[in-house]
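Me: I would like to go through this structure with you, starting with the aromatic residues. Please keep the answers plain.

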Amino acid sequence: MATTSPSSPTLAAAIATAAAFAAANEIGWPRDLRAHLDSGYFEPPPDNAIIGPVAPRGGPAGVVMHRGKRIAAWGDTTRADMTFSVAKSYLSLLAGLAQHDGLIASLDEPVSARVASPHFAGPRNGIVTWRQLLTLTSEWEGTLWGKSDLIDRNRDLLREGKARKGEARPLRDPGTFWEYNDVRVNALSLALLHLFRTPLPEVFRARIMDPIGASTGWSWHAYDTALVTIDGTEMPSVPGGGHWGGGVFIGADDQALLGQLVLQRGTWDGRQLIPAAWIEAIAAPCPLKPEYGLLWWLNTARAAAPAASARSVFARGAGGNTTWIDPDHEIVSVTRWLDPDAFPTYAARVVAAITG
């Protein structure tokens with residue numbers, strides 16, 4: 001992906017300053033991600049056992065696009081690094097395809113209406129809806145691929161591995177409580193696999209990544225334990241993060257293309273790859289968590305990034321991995337390994353550069 005020179009020296013200097021700021025504010029994670037996960041960053045042993053591929057990370061990297069043109073880049077933007085929960089937003093795009101294909105009639109129907117699986121049966125899990133899984137309000141209960149949902153109960157994203165994370169709490173009725181829980185997101189991924197009846201990375205590649213001209217360097221890894229037989233064929237069920245290894249390994253260049261697809265309301269070269277209605281749906285605030293949509297973070301009340309437009313959406317993953325899409329300013333930004341505390345300042349510098 002070639003970088004286009006900004007149209008004015010003022011913009012060039014300002015956007016270069018923003019890029020330099022991002023490069024200089026690296027998150028304080030070690031490059032050895034396996035050691036970081038083993039250290040109990042997310043939770044202590046034995047719940048932190050790694051069951052999927054893990055690789056060392058690269059340094060800070062990023063891309064800024066404006067009106068479809070790449071105007072800044074730093075670091076190795078082709079390096080396929082782990083993205084952690086950015087993958088959740090990619091699962092959301094796949095859910096949009098499933099609805100478009102008629103595999104989901106309504107987000108408010110129970111998953112059990114179309115997925116015959118013991119994971120979606122019983123008085124609790126049998127009434128969980130697609131919308132509840134997509135908004136993290138399902139209160140789904142169980143163990144999937146050797147990981148219990150209890151591991152992520154009481155999770156505080158601002159204090160990973162601390163506070164009361166992993167402590168039991170009385171479950172609420174599905175749809176009445178918001179909680180960031182990777183096991184429940186992995187249950188959504190399994191449900192989507194049952195609908196497509198094809199490994200989700202293959203669907204993602206054929207329906208999204210290849211049409212937008214992404215590289216062949218990205219990959220989406222399942223846990224070693226995450227295998228399910230569908231139509232007589234054993235298939236991997238991929239996770240919505242890298243919490244216990246696995247997940248999406250991808251470079252900033254490819255992430256920028258995905259961000260541009262969302263900015264363009266799902267269209268690419270005249271083709272509607274993702275329904276425009278789904279792009280609107282992902283940005284609808286969850287009543288229980290107004291800063292969250294359908295597996296996408298929002299900038300409701302401009303709380304996440306005050307300088308960015310309130311219509312901005314973010315695909316975010318641990319470690320300072322963020323794809324920011326700002327439709328009002330026509331910005332797509334990818335930041336890899338940026339200290340989250342520095343993101344609002346970075347975003348302000350990008351907006352200031354664009355608006356002059």
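Me: Is Trp29 buried or exposed?
Reply: This is a predicted model. In it, Trp29 has a relative accessible area of 8%, so it falls under the 20% limit and is buried.

Me: How many aromatic pairs are there?
Reply: The count comes to 18 aromatic pairs. One of them joins Trp29 and Trp337, with 6.3 Å from centre to centre and 45° between the planes, which makes the pair tilted.

Me: Where in the chain do those two residues lie?
Reply: They come from distant parts of the chain, 308 residues apart. Trp29 is in the loop between helix H1 (9–24) and helix H2 (33–38), while Trp337 is in the loop between strand S15 (331–336) and helix H9 (343–355). Trp337 is buried as well, its relative accessibility being 0%.

Me: What geometry do Tyr292 and Trp297 have?
Reply: Their ring centres are 4.7 Å apart and their planes stand at 80°, so the pair is edge-to-face. Tyr292 is buried at 1% relative accessibility, and Trp297 is buried at 11%.

Me: Back to Trp29: which residues form an aromatic cluster with it?
Reply: The cluster consists of Trp29, Tyr41, Phe42, Phe84 and Trp337.

Me: Which charged side chains sit over rings?
Reply: Two cases can be given. The charged end of Lys289 is placed over the ring of Trp178, 4.6 Å from the ring centre. Arg316 lies over the face of Phe314, with 4.7 Å to the ring centre.

Me: Changing topic to the strands. In which sense do S3 and S9 pair?
Reply: Strand S3 (residues 81–82) pairs with strand S9 (residues 247–250) in the antiparallel sense, over 2 bridges. Within this pairing, Met82 has Phe249 of S9 as its bridge partner.

Me: And how many bridges join S6 to S9?
Reply: Strand S6 (residues 219–221) is joined to S9 by 3 bridges, and the two run antiparallel. Here Trp220 stands opposite Val248 of S9.

Me: What does Leu192 touch, leaving out residues up to four places away in sequence?
Reply: Leu192 touches Leu91, Leu94, Ala95, Ala98, Ile104, Trp130 and Leu200.

Me: Where is Ser85 found?
Reply: Ser85 is in the loop between S3 and helix H3 (86–100). Its relative accessible area is 9%, and it is buried.

Me: Which side chain does the Ser85 side chain make a polar contact with?
Reply: It makes one with the side chain of Tyr180, at 3.0 Å. Setting aside neighbours within four places in sequence, the residues in contact with Ser85 are Tyr180, Asp182, Gly240, Gly241, Arg316, Gly317 and Ala318.

Me: Last one: where does Ala283 lie, and what is it in contact with?
Reply: Ala283 lies in the loop between helix H8 (276–282) and strand S12 (297–298). Its relative accessible area of 32% makes it partly exposed. Beyond neighbours within four places in sequence, Ala283 is in contact with Leu298 and Val313. Ala283 and Asn299 are 16 residues apart in sequence, and their C-alpha atoms are 9.3 Å apart in space.

How values were computed:
Residues are numbered from 1 along each chain as its sequence is written. This is a predicted model: local features need pLDDT of at least 70, side-chain atom pairs count only at pLDDT 80 or more; totals for chains, interfaces and linings use all residues. Side-chain values use heavy atoms; hydrogens and water are left out. Rings of Phe, Tyr and Trp (its six-membered ring) pair if their centres lie within 6.5 Å; planes under 30 degrees apart count as stacked, over 60 as edge-to-face and the rest as tilted. Helices (H or I, at least four residues) and strands (E, at least two) are DSSP runs, numbered from the N terminus. Buried means under 20% relative accessible area, exposed over 50%, partly exposed in between (1.4 Å probe, protein chains only). A charge sits over a ring if NZ of Lys or CZ of Arg is within 6 Å of the ring centre and within 35 degrees of the ring normal. Two strands pair if DSSP finds at least two bridges between them. Contact means heavy atoms within 4.5 Å. A polar contact is a pair of N or O atoms within 3.5 Å; within protein, one must be able to donate a hydrogen and the other to accept it, and residues adjacent in sequence count only if both atoms are side-chain atoms.
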